[in-house]
Each structure stands twice: as C-alpha cells, then as structure tokens.
Amino acid sequence: MGKLKDILSPFTAWGGVIKDPVTIKNPIGRPAAPRYRGFHKNEVDVCIGCGSCEAICENEAIDLVPVEGIKAKDGDSGLRPMVDYGRCCWCALCVDVCTTGSLTLSDEYTWVSENADEFRYIPGLDKKDWDKNENGWKKPEPNYEFYSLDRVKMPELHAQERGQSFIEFITGYSKQQAELEADRCVECGICTSACPAHMGIPEYIKAIRNNDLEEGLRILYETNPLPEICGRICTHKCESVCTMGHKGDPISIRWLKRYIADQNPSEKYKEILNAENLVDNGKKIAIIGAGPAGLSTAYYLKLMGYQCTIFEKLPEAGGMMRYGIPEYRLPYDQIDKDVNYILSLGVEIKYNVNIGTDITLEDLGKDFDAVFAGTGLHLGRSTRVPGSDNKNVYFATDLLREISLGQEVPLTEKIVVIGGGNVAMDITRSLARLQNIKYGKVDILATCLESEDIMPADREEVVEAREELAIVDPGWGPKEIETENEKIKGLHVVKCLSVFDENKAFNPKFDEENKKFFVADMIVESIGQGMDLSYLSDEFKENLRFSNRGRIEVDDYFQSGIDWLFVGGDIIQGSDVIHGIANGHKAAIGIDNFLMKK
Amino acid sequence: MKNLIERLHIKYSLTDIVNQRDNFVYLTIRKENAIDLVTYLKDYEGFSHFVLLSCVDWIEDGKFQLSYFLNQPNKKFDIAIRTMIDRENAEMQSSHHLWKHIETYQRELREMYGINFPKNPRIEENFILEGWDEIPPMRREFDTKRYSEKTFFPREGRKTYDPATYMKDKLYPNAPITAKVNKKDE
C-alpha cells in the first residue's frame with residue numbers, strides 16, 4: 001500500500017492545468033552557446049578504453065563495452081564508452097577526466113526519437129549528426145587538469161659527480177614524492193597487460209597512496225620476487241602504454257615499485273609476506289642459472305613446496321643482472337636483498353658449478369624430479385668486419401662481467417663502442433667512468449647502424465651517456481677496423497640508410513660514399529648476445545626441438561621436448577629481466593602441473 | 001566602483017571582499033546585515049536587477065552559504081552578497097518584498113536545502129518535488145545513488161566490462177597473476 005501522499009500527488013499536479021504556462025515555446029533552431037554541453041562525441045581511434053570516464057561518472061551513465069573492429073592489445077583495452085542518456089546529466093566530468101582527450105561534448109542539445117533504446121549509444125561508432133560539430137564542451141587547454149601531467153622528478157646525482165665512480169646515481173623517491181606521483185594514477189589497469197609478468201600495478205600504486213607499503217610488497221611478490229632489481233632496471237613496458245602518457249608523462253611505475261621495496265626492511269619480509277610454514281612435498285627441482293628466470297622459478301616452486309637447488313656457473317647470484325648491468329644502475333647490495341630473501345625460504349644455490357663439465361644435464365635429470373634451465377645470453381657476437389679479430393677488440397658482455405668480478409679490464413684513452421642497445425650504453429658508460437678514474441677525462445664514442453630515432457637503447461640511457469661526456473654518433477655501419485703492427489688505429493664506417501627492409505627483415509642499406517673514420521686504440525663490440533648451449537650433449541640435442549633460429553622450442557609452460565626439462569629466460573624470450581621473471585613463474589606452474597600428473 | 005566598495009566596507013563592516021573580475025565583486029557580510037545591504041544597493045546605488053539567489057552546503061562547517069547576485073545595469077557592474085547561516089534549523093530573513101521573483105528562489109531553497117524564509121508567500125507548498133518524503137535533496141548528506149537505486153528500476157540490457165579484467169581474458173588468460181602457496185596446517 002502506498003502512502004496517502006503518493007496517491008494524492010498526481011491530482012495536485014492536475015491543478016496546474018487551468019493556469020497559464022510560465023514556459024515559452026521550445027526554441028528549436030536556436031544555436032547553443034559555443035561551449036554548450038550537448039551529446040557526446042568520441043574519437044574512437046584516439047580513445048584507448050581506459051574507463052576513466054566510467055569511473056568518474058556520478059550517475060553511472062557510462063558502460064565500457066566491446067565493439068566491432070577494435071581488439072584488445074597492448075595499450076588499448078578494446079572497449080569503448082557507451083552512454084545512457086537516461087542517466088547522463090551533462091556535467092562533462094567524463095570529458096574533463098579523459099586522459100587521451102578523445103571524449104568531448106557536442107553543442108547539439110535536441111534529439112527526438114520514439115525509441116528509448118536509441119538514447120544509449122557508443123559515441124564515435126554509432127554515427128550521429130553532431131559528430132562533426134566543432135562547438136561544444138572540450139577540456140579547456142592548458143592548465144585544466146584533474147591530475148598533474150608532469151611526473152615527479154626523480155632526484156639524481158649530477159653527471160659530473162656520478163661520472164667519477166660506480167655509485168648509484170638515481171637516489172629514489174621520498175615518501176612525499178612517491179605519494180604525489182602515485183596520486184597521478186587513474187587506476188585504469190591498461191599497464192598490467194603490457195607487463196610481461198602482469199604485475200598488479202594499479203593495486204600497488206594504490207597501496208602507496210594508502211601508505212600501506214607492506215600491502216604493496218605483498219602485491220609485488222605475487223608476480224615478481226625481484227622488486228628491488230626491477231624497481232631499478234626494468235624495461236618498464238608498462239610505462240610505454242600508461243594512459244597518462246597520452247597527454248603528459250606516464251606514471252613513474254618503475255620508481256614507485258622501487259619505493260615500495262626500498263621502504264620495507266629485509267628482516268621483515270618473511271613476516272610481511274607470510275612465508276612461514278611452507279610445505280615440503282619431497283620433490284626436488286634443479287635449476288641451472290641464478291639469473292632472473294632461475295630465481296623466479298625457484299621462488300614460486302619453493303612456495304608450492306618443492307626443494308630447489310640452483311646451479312650457478314659464476315661466484316655470485318644474479319646472472320646478467322649482476323654480471324651485465326653496471327653497478328651504478330643496479331647496486332650489488334640491492335641484488336643481494338632480493339636474492340637473500342629467496343635463499344631465506346630454503347632455496348639453495350651451488351656456485352661455481354659448470355653444467356656439462358662438473359655435472360652433466362643427464363645426471364641432473366636422474367637426481368631431480370625436473371630441471372629448469374635459464375642459462376641466459378652471455379656470449380658476445382662479432383661484427384666480423386676486417387680487423388675484428390685483433391686482440392684489442394673486445395665483447396661488451398665479457399668486459400661487463402670482468403668489471404663485476406672486480407677484475408682489471410683492458411682500458412685505453414680512446415675507445416669506440418659498436419652497438420646502440422642498452423648493453424652498448426652500459427659498457428660505454430662503464431668505460432667512461434674507468435677512463436675518468438684512470439686518466440681524468442672521458443674519450444669514448446658509441447656508434448651503431450640505427451639512426452637516433454630507432455636506437456634500441458632506452459632514451460634515458462643515451463641522454464645520460466651524453467651527459468657523462470660519452471659521444472653517441474648513431475647511423476653508421478662498421479666497415480673495417482684499421483690496424484698497424486697489431487695496433488688499432490680506428491674504425492671506418494659508412495652511412496647507414498636503413499636497417500630493415502620492407503619485410504621488416506634485418507637487411508641494412510648503406511651509402512658507401514658517405515664515410516667517416518673514428519680514431520681509437522681499443523674497440524668494443526656490443527651488437528647482440530648469443531647463448532652458450534654447450535651443456536647440451538649432441539645426443540641430448542637430438543631429442544630437443546629447435547626453431548629455425550636455433551632456439552629451443554618449448555610449450556606455453558616452457559616445457560621442452562624432453563618432458564623433465566623446462567627452459568626459459570633470455571634463451572627463449574630474448575634479453576629482458578621482467579620476461580625472465582614471468583617465464584620463471586609460468587615454468588614453476590608448468591613443473592608443478594607436470595609433477596602432479598606423474 | 002572602488003569608492004562604493006570602500007564606503008560599503010565602512011558602513012556594513014564587510015568580513016571579506018573578493019574582486020572576481022573588473023566588473024564583479026563578492027562581498028561577505030554577517031547574516032544580520034545582509035538584507036540591509038541588499039536593500040541599500042537597490043534603493044541608493046542603482047542595483048535595480050536581482051540576478052539570482054543561490055546556496056552552497058558547507059556541511060563540514062555546519063553552515064549554508066547564501067549568495068544574492070545583484071546587477072547595476074547602467075554601470076554594468078555585479079555584486080554578490082554572501083552570508084553564512086547555521087545549517088541546523090536553517091532560517092533566513094525573507095527579502096521577497098524587494099523583488100517579486102525572490103519568492104520563487106526562496107521556495108526553491110526551502111525545498112532543496114530545507115532553509116526556512118518566514119513570511120515568504122506559499123513557502124510551505126511543494127515547489128517542484130511532489131510527494132517528497134526524504135531529506136531535502138541538495139543537502140550533501142542526501143545519498144542520491146541510494147535514493148535512485150531504491151526508487152527506480154535499472155535499465156534492461158546494460159553491462160559493463162572492467163578494462164584490466166577484459167584484457168586479461170582476451171590477451172593472457174593463463175598467465176599466473178598470483179603466487180600459489182602451499183602451507184602446513186597450523
């Protein structure tokens with residue numbers, strides 16, 4: 001039963017019928033004011049379906065829906081906003097929050113239809129008469145933002161200061177800086193799919209905002225047991241798709257991760273991560289290589305109850321993270337913090353063990369229930385130009401490893417590095433530091449086939465190398481290393497016009513007339529790395545499947561043709577720490593599934 | 001106009017002056033003197049047009065802010081008189097005798113915020129809400145969403161997708177996104 005008031009109120013309204021109307025006739029045809037807030041428009045090619053419009057809508061008038069012809073991919077959810085005009089109040093908060101600027105309101109305010117369902121449509125896809133209207137509400141530019149477009153600047157040492165030593169030069173965010181940066185995140189989660197490990201990025205950024213860094217650490221360890229490391233040197237694919245990057249700087253996701261890891265003391269990890277009383281299921285797994293893939297596999301297997309033994313060729317753990325990445329980018333004590341926590345759970349590492357000579361892979365197969373090999377790409381590759389066999393021509397990977405081992409590396413006053421990737425920048429900047437220490441000046445030049453705009457190195461690496469007084473001169477192809485009496489005179493190069501052909505295959509084209517000569521007395525090659533699979537016997541290899549490019553073929557869970565052998569990391573996916581970590585996690589699941597079925 | 005503002009300041013002890021634009025100023029005054037000031041501006045300073053009366057709910061301070069917008073057509077100048085009144089038992093002296101249409105504004109504020117203007121004609125009558133038995137809807141403690149969920153039925157056929165979940169389903173359905181942990185029974 002309704003209340004009496006409810007029953008009577010319709011009749012009170014009838015009272016108005018006999019009075020003169022106070023409204024005027026609907027002024028149809030009168031143009032709206034230039035900034036009128038009418039029906040929505042959306043540039044669907046610019047929109048990435050981040051859902052910020054839906055999140056801010058006070059009336060729940062917006063749904064994110066899949067649409068014909070747009071597929072989910074890195075940086076685009078594949079969804080687009082659909083507006084319900086039964087609820088929209090034209091407040092335009094959706095326009096004002098839009099991170100790509102695709103969503104606007106037209107100045108059209110009249111629309112008659114007898115079909116109520118028509119008043120729900122996908123702007124930009126369901127064609128409307130007002131799609132081309134210039135007038136209407138747009139986010140006013142500039143300085144009308146709900147969030148800062150600029151990232152909080154990361155404090156770092158000045159080039160002159162950092163160029164003198166291998167001290168870490170990125171100093172890390174303070175609490176205030178981290179919270180300010182975290183505050184820029186709109187929590188859309190577009191980043192999560194681009195991250196190879198699919199880390200819970202919006203969730204851990206939210207933990208920073210809530211000042212709950214223990215929760216932040218728990219979120220990190222769900223998918224990544226090396227957060228101190230990744231917080232410093234991750235290739236941050238997440239940031240390249242960040243929705244904030246469309247109109248401003250992407251969120252400093254990597255530095256925020258580092259902030260969480262830095263703020264949690266290692267002695268509290270076990271308690272925070274609730275890693276006491278793990279089951280021991282009696283099954284034993286051997287892992288070859290204590291790099292990111294091997295460590296990640298060991299960590300996730302250990303949580304599931306497996307006994308894990310890592311066999312490492314070098315005297316310390318970390319693989320390329322320790323022996324490839326210079327200390328000024330990733331200090332050794334930070335590697336130790338991540339590694340020691342994994343060891344504290346009961347994972348064992350046997351150092352200085354060479355598989356193939358000290359123990360054979362076949363033996364591991366017999367002694368353990370399964371084996372994971374993540375042996376990395378540690379061999380240098382040569383340009384094979386005339387003169388490259390000279391004894392003063394070195395591989396970057398060898399020199400970086402020797403620097404990490406504390407050995408004295410060859411050094412001269414005038415060095416040329418061939419290569420434009422991150423490893424090339426690492427060796428350039430490391431040798432520049434050594435030159436500074438030994439000679440008090442820097443004279444090193446890095447050159448590569450790729451022109452400046454397509455150099456494979458991270459942009460900041462190139463910028464920072466130049467700040468540290470190294471010369472980077474890209475866009476040249478090495479022709480010949482000139483020598484005289486076994487002494488290097490320098491490198492002849494010719495202009496590289498293009499690196500890839502129309503089929504995107506590596507097929508550089510040169511202008512032989514446009515030449516240059518870089519004077520040098522030492523040359524370092526850094527044009528890619530190869531894998532050392534010498535631990536696989538010939539007989540063993542016959543039972544494995546290899547791709548055309550010589551990579552071991554594995555299934556989705558990194559299981560090879562030999563069922564107890566799982567292979568992952570750089571030798572499967574190419575050199576990248578976060579891919580290695582993701583491989584390791586998935587391989588751990590694969591090994592668990594395999595052994596549970598047995 | 002600068003002169004006028006200075007004179008008003010002395011005469012009415014204004015508590016705040018904000019020069020919004022060259023031809024528009026906000027003056028804040030104590031509740032007791034607000035209608036006096038409005039009357040003075042109308043009768044002696046040529047502010048013959050009453051533009052609007054509005055309200056802001058400063059719930060944290062326990063106050064409503066009323067703003068009387070006046071226009072001086074000859075000098076093309078606007079003044080808004082602001083005053084704060086208590087939120088509890090909110091009441092303000094009526095000014096409907098100055099301009100007829102203030103009646104309507106005051107009825108609206110009575111309905112939307114629950115502010116009483118004694119002696120305003122038809123103040124007790126429904127304004128636009130009929131059969132309303134909730135608290136006044138423009139008060140900030142009014143939960144619009146809860147009200148609409150209680151009152152209206154949801155539209156048929158609406159469905160929304162979370163971008164991150166949708167991308168996982170489409171792009172990496174089998175990737176582990178949490179760590180599997182086996183612990184001893186404690």
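Select helix H8 (213-223) of chain A and then display what covers its buried residues, which includes H7, helix H9 (227-233), helix H11 (253-263), helix H12 (269-272) and H22 of chain A. Helices here are DSSP runs of H or I with at least four residues, strands are runs of E with at least two, and both are numbered from the N terminus. A residue counts as buried if 20 or more other C-beta atoms lie within 10 Å of its own, as exposed if there are 12 or fewer, and as partly exposed in between, with C-beta atoms placed from the backbone. Eight of the 11 residues of H8(A) are buried, so this helix is largely enclosed by the rest of the structure; colour Leu213(A), Gly216(A), Leu217(A), Arg218(A), Ile219(A), Leu220(A), Tyr221(A) and Thr223(A) to see them.

Before going on, note that the model is predicted, that local features need pLDDT of at least 70 and side-chain atom pairs count only at pLDDT 80 or more, while totals for chains, interfaces and linings use all residues. Residues are numbered from 1 along each chain as its sequence is written, and chains are lettered from A and ligands numbered from 1 in the order in which they are written.

Axes are lines fitted to C-alpha atoms, for helices over the stretch in contact, and angles run from 0 to 180 degrees between N-to-C directions. To find the contact itself (C-beta atoms, placed from the backbone, within 7 Å), select Glu203(A), Tyr204(A), Ala207(A) and Ile208(A) in H7(A), which meet Leu213(A), Glu215(A), Gly216(A), Ile219(A) and Leu220(A) in H8(A). By class, this contact of H7(A) with H8(A) has six nonpolar, one polar and two charged residues, with Ala, Val, Leu, Ile, Met, Phe, Trp, Tyr, Cys and Pro taken as nonpolar, Asp, Glu, Lys and Arg as charged, and the others, Gly among them, as polar.

Now move to helix H17 (residues 396-404) and helix H18 (residues 422-439) of chain A, whose axes come within 10 Å and cross at roughly 50°. H17(A) and H18(A) are therefore oblique to each other. Here Ala396(A), Thr397(A), Leu399(A), Leu400(A) and Ile403(A) in H17(A) meet Val423(A), Ala424(A), Asp426(A), Ile427(A) and Ser430(A) in H18(A), and the residues of this contact divide into seven nonpolar, two polar and one charged.

Then colour chain A by domain: domain 1 (22-137), domain 2 (159-272), domain 3 (284-378 + 542-597) and domain 4 (381-528), with bounds from an automatic or database domain assignment. The centres of domain 2 and domain 4 of chain A, taken over C-alpha atoms, are separated by 32 Å, and five residues of domain 2 are in contact with eight residues of domain 4.

Finally, show chain B, where 28 residues are in contact with 39 residues of chain A. Among the elements of chain A that each supply at least two residues to this side are strand S2 (62-66), strand S3 (79-84) and helix H22 (577-597), while the largest share, five residues, comes from H1(A). The side of chain A that touches chain B divides into 16 nonpolar, 15 polar and eight charged residues.

Key
Two residues are in contact if their C-beta atoms, placed from the backbone, lie within 7 Å. Angles under 35 degrees count as roughly parallel, over 145 as roughly antiparallel, 65 to 115 as roughly perpendicular and the rest as oblique.
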